[in-house]
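Please look at the structure below and follow its strands one at a time. The text after it takes them in order of topic.

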Amino acid sequence: MEVFLAVMVIVLSSTVRSVSSTSSSPTYGTYLNNDGAFQFPVFHTNHPLLPSWVQSASIQDTTVTRGNNLQENAYFVAISLGTPAVLNVVTIDTCSSLSWVQCQHCDTRCYWQSRTAGPIFNPLKSSTYQNVNCSTEVCHAMHKASGIFSGCVNDKLDACLYRTRYAPGKYSVGYLVKDKLTIPNNYTIDDFIFGCGAGNLHSGSNAGIIGFGKESYSFFNQVAKQTNYRAFSYCFPSVHENEGFLSIGPYVRDEKLMLTRLISYGPIPFYAIQQLDMMVNGIRLEVDPRIYSTAMTIVDTSTTDTYILSPLFHALAKEVTTAMLAKGYARGSLKDKICFVTTGEPIVWNDLPTVAMKFGMSTLVLRMGNVFYVNSDDDICLTFQPDDAGVKGVQVLGNRAMRSFKVVYDIEDRIFGFEAGAC
């Protein structure tokens with residue numbers, strides 16, 4: 001997982017119990033929106049209103065994390081766990097269910113955690129911390145989902161153990177626990193289920209991961225219980241001055257929201273959609289259309305690039321290269337990326353080709369900033385990669401392609417939606 005050169009601060013909340021708010025402006029705090037959903041603001045660190053909002057909301061400066069200190073191109077939320085509450089900056093992940101943070105007294109392996117991500121959580125200092133017992137339903141459900149035949153400490157501790165894996169080769173293992181989840185705008189969830197990481201092989205210096213997968217113990221499902229509709233949506237801004245959002249609960253289906261069917265990806269906690277076609281500047285790729293039915297597309301907030309089947313990628317690269325050569329851009333020499341050498345003149349982004357992906361009856365039209373980015377050599381690079389550069393046979397719609405889009409996961413009605421220019 002990689003990080004946006006940005007600090008994304010999302011003030012998270014739920015509504016088991018509310019206290020008087022310290023924020024003087026509901027616009028920049030967590031609040032119940034007009035749709036009846038809990039809405040959390042997302043800011044880039046350079047947002048002009050962020051410093052005043054942080055001050056008015058009485059949020060410590062450590063909730064504003066400089067992106068260079070974390071992973072590039074992932075998105076983060078700030079949560080507080082325990083009593084007294086301890087701040088942790090964690091990654092949003094729609095492809096996993098279990099939330100976890102790194103804990104002190106690691107038994108096997110720990111990774112370096114930046115001070116800006118909050119202190120490493122110490123369960124011995126929380127008066128509300130409890131282990132989840134082995135006989136509980138949530139322990140059995142977690143073991144079944146993760147493929148653990150048995151994972152318990154069966155002495156007096158009676159503690160449920162967890163294990164979760166990520167590609168490529170990353171993992172976290174530890175104790176399944178429950179504690180109080182607190183956020184700056186004074187909402188709490190008692191008995192919030194998460195993992196206390198005792199052994200973690202994880203890239204980056206954030207404190208852990210917040211899971212939005214479909215299991216009952218995911219962060220989304222634990223917060224969604226406080227609303228009257230099971231859905232969540234977000235918009236990750238691509239422009240520093242814009243404000244993004246994350247919401248959990250009901251939403252408005254207006255005419256701008258493009259909809260397609262949300263597909264269950266077998267027993268694993270992924271959200272997927274079915275691609276039917278692909279175009280460059282309105283021209284369909286020259287591929288056998290039957291190839292689209294051979295793989296679903298996973299939507300993943302924690303993956304930056306978009307991965308498509310190799311035949312699609314090569315056809316896409318051919319069409320994009322033709323369009324870019326016509327604009328005077330030469331192909332770069334990188335073997336593992338499709339990049340184009342700039343001339344030194346300012347890039348006219350509106351002249352670059354557009355890419356469209358058809359999902360069901362709706363077409364996702366990706367503008368230049370969703371298709372291309374500028375690398376460290378000032379080359380213009382395509383944000384698409386072939387599936388064999390990731391997981392063979394698996395298509396992934398990454399977060400760069402969806403920046404500035406409102407993205408809706410309607411779990412209750414099995415609908416996926418997207419709307420351009422939402423943040």
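What follows is a walk through two parts of this predicted model.

The strands lie in the order 20-19-25-26, and their pairing is antiparallel. Strand 20 (283-284) and strand 26 (362-366) are at the edges; each has a single partner strand, so one side of each is left without a neighbour in the sheet. Strand 19 (residues 275-280) is joined to strand 25 (residues 355-359) by 5 bridges in the antiparallel sense. To place this pairing in the view, find Met279, which stands opposite Ala356 in strand 25. Helix 4 (residues 310-326) packs on this sheet and touches both strand 19 and strand 25. The direction of helix 4 makes about 20° with that of strand 19.

Now turn to strand 14 (residues 231-235), which is mostly covered, with 5 of its 5 residues buried. In a regular strand, side chains alternate between the two faces of the sheet. In strand 14, Ala231, Ser233 and Cys235 point one way, while Phe232 and Tyr234 point the other way. The residues on both sides are buried, which here means under 20% relative accessible area.

Which strands pair with strand 14? One is strand 31 (residues 406-410), which pairs with strand 14 over 4 bridges in the antiparallel sense. Within that pairing, Val408 of strand 31 is the bridge partner of Ser233. Another is strand 15 (residues 243-248), again antiparallel and over 4 bridges. There, Cys235 has Phe245 of strand 15 as its bridge partner.

Key
Residues are numbered from 1 along each chain as its sequence is written. This is a predicted model: local features need pLDDT of at least 70, side-chain atom pairs count only at pLDDT 80 or more; totals for chains, interfaces and linings use all residues. Side-chain values use heavy atoms; hydrogens and water are left out. Two strands pair if DSSP finds at least two bridges between them. Helices (H or I, at least four residues) and strands (E, at least two) are DSSP runs, numbered from the N terminus. Contact means heavy atoms within 4.5 Å. Axes are lines fitted to C-alpha atoms, for helices over the stretch in contact, and angles run from 0 to 180 degrees between N-to-C directions. Buried means under 20% relative accessible area, exposed over 50%, partly exposed in between (1.4 Å probe, protein chains only).
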